[in-house]
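This report covers the aromatic residues of one protein model and how they pair. The sequence and structure come first.

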Amino acid sequence: MDGEAHVPDALTLHSRRAFLRTLAGVGGTLLLAACGGAAPSTSSTPSTAAATAPPATAPIAAPTTLPTVISIATAAPAPSATPAAALDTPKPGGTYRFMMPGDIPSMDVALAFDYIDWWASYLMVYNRLYSFDRNGHIFADLASELPQISEDKLTYTISLRKGVKFHNGRELTADDVKFSFDRVMDPKLVSPGASFNTNIVGADEAAAGKANSVSGVTVIDPYTVQFKLKQPQAVFPGVLGVSTNGIVPMKEVLEAGKDWGTKSVIGTGPFKVAEWRAGEALILERNTSFFRDPPYLDKIEIQLNVEDSVGVLRWENGGAEYAYSVPAAEIARIRSDEKLKDRIRTGPTLIFNYLEFRIAKPLDDVRVRQALAMAIDRKTLSERAQTALQSDSIYPSRLLQYDKDFTSMWGYNPEKAKQLLAEAGYPDGLKGVGIWTGTSRQGELIQADLKEIGVEAELVTGDYAQSLPRIDAGEIQIATRGYGSDFPDAGGFVTSRVVCPINPPPAKTLYCNKKIDDMAAQTDSFPLDSPERTALFRQIQQIAVNEDVAIIPLYERVGFGLGQPYVHDDAIHVLIGLPDIERMWMAKE
């Protein structure tokens, strides 16, 4: 998903036989999937003790060995691990207050592609046919079991759970599933998730406005839906788990019209929208009719537009249960405070941060992009972030496709950067370059680095959605971004970030390289763990980073946030980098 220095994004997924039946094990330790009708695996051990934190003033040290590769098993699914014995008995009740520095423009699951809207829609309000638990294991969510896959690997037949109710009490049926997939491909909606579904028969025609629905998604009966693919796609079960493929109620969406996603928000998830005060707070309440065990929390209050230091102050004074956007100076202070350091929550993520360019004049000259890349001191950026590991890769290190030997050709070299600008016709530098940095302080460091090579940059902060008109107008040419994998595989990032747009309006970056498109399509011809597939993804990385300089990787994120000792089972979700919510509980002392 999307956002600023916010996000998490990555895992490994696929199947060549019958979903989780065909793929051979990937090298390294595999985390087996908890599939079938099982609920996501969670630990009921209270999370009152944070992981050991680094020294107060030191950045997180790079690992001495590669992290364990996360992979979704494609052999027979293993049963869920038995959770450790709870130190306390979970108790219902409580309001979980979460501090957010920006705003939420929409809770339409097909459009929720930034960060907090992604977290809320993915873990709280909506469900998908298949989903991923906090450890990256795939499980049957609205589906009742694993899909039945035809011998030619082109037809997936999926049975739905019976008796699943939307928040308004109506039962979910296969018609709602088909409608949801049709809607994502509707060119009038412009869902950022449309690019994930292009291998479904009829998706391209729907995206081009030549058909009103996706012909390859068929309702067999009220509890059975079928998907037909253009070509075998090992990662397709993961595609079904992409957040934007959340299932919405057909009748209610059509009745709500333009109010859907704001005034009308209805899903099947463990929480439902109770109140939305624009720009101030989004309040969710327990869904007592949830098809799994109802959650313990009464309410979740996401407080909006809270400045970072204010959020930390509220947390420290007991006015918030979680703050995730924390100034670096505050991180150092909290780590050194004996009373506060145990409230730190850390965890691995599949998220990385990067810079993306809008490839229009003057950045349409690759030498200018090379110069900008060489101007930025990425080592200092990652150290100042304090929750980051510098990386040149567009794939997080826990993905199968990660290459530990990959390096960017455009490392920090201000003098060479000046030469490249001069060669591109800008010997006196550039003026009027806009950089969107969200609420992150790293923009000031980037601005200072660019000034050293004669580039005068204007920092643009605030919500990304509010900045889109200026990006479209070409006033903002650079954005600091964070990506959390929509499903555990490099294909998630490639599909959503570096392939050519499938329907207007074009991607904000204007980046399009048909060679990458062709290679991305080829990846579906190989099993997940095949050397050929991994090699294709690594070639895509070489083109995007070193040849086209369309993306500048900055660092891989370490999940970090500030919790409270009375909040239990609040482990960080590996895909999202924020707390898992469904089984969280509170017991104030």
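Phe537 is buried, because its relative accessibility is 1% and buried means under 20% relative accessible area (1.4 Å probe, protein chains only). The model is predicted: local features need pLDDT of at least 70, side-chain atom pairs count only at pLDDT 80 or more, and totals for chains, interfaces and linings use all residues. Residues are numbered from 1 along each chain as its sequence is written, and side-chain values use heavy atoms, without hydrogens and water.

Rings of Phe, Tyr and Trp (its six-membered ring) pair if their centres lie within 6.5 Å, and planes over 60 degrees apart count as edge-to-face. The count by this rule is 16 aromatic pairs, including two edge-to-face ones tabulated here.

| Pair | Centre to centre | Angle between planes |
|---|---|---|
| Tyr354 and Phe493 | 5.9 Å | 90 degrees |
| Tyr395 and Phe537 | 6.2 Å | 85 degrees |

Tyr354 belongs to strand E12 (residues 344-357) and Phe493 to helix H13 (residues 490-498), so their pair ties together parts 139 residues apart in sequence. Helices (H or I, at least four residues) and strands (E, at least two) are DSSP runs, numbered from the N terminus. Tyr354 is buried at 0% relative accessible area, and Phe493 is buried at 2% relative accessibility.

Tyr395 lies in the loop between strand E13 (388-390) and helix H10 (414-423), while Phe537 is in helix H15 (residues 531-547), so this pair ties together parts 142 residues apart in sequence. Tyr395 is also buried, at 1% relative accessibility.

Elsewhere, ring pairs link Phe98, Tyr115, Trp118, Trp119, Tyr322 and Tyr324 into a cluster.

Definitions and conventions:
Phe/Tyr/Trp six-rings, centres within 6.5 Å; stacked < 30°, edge-to-face > 60°. Buried < 20%, exposed > 50% of the residue type's maximum accessible area, 1.4 Å probe, protein only.
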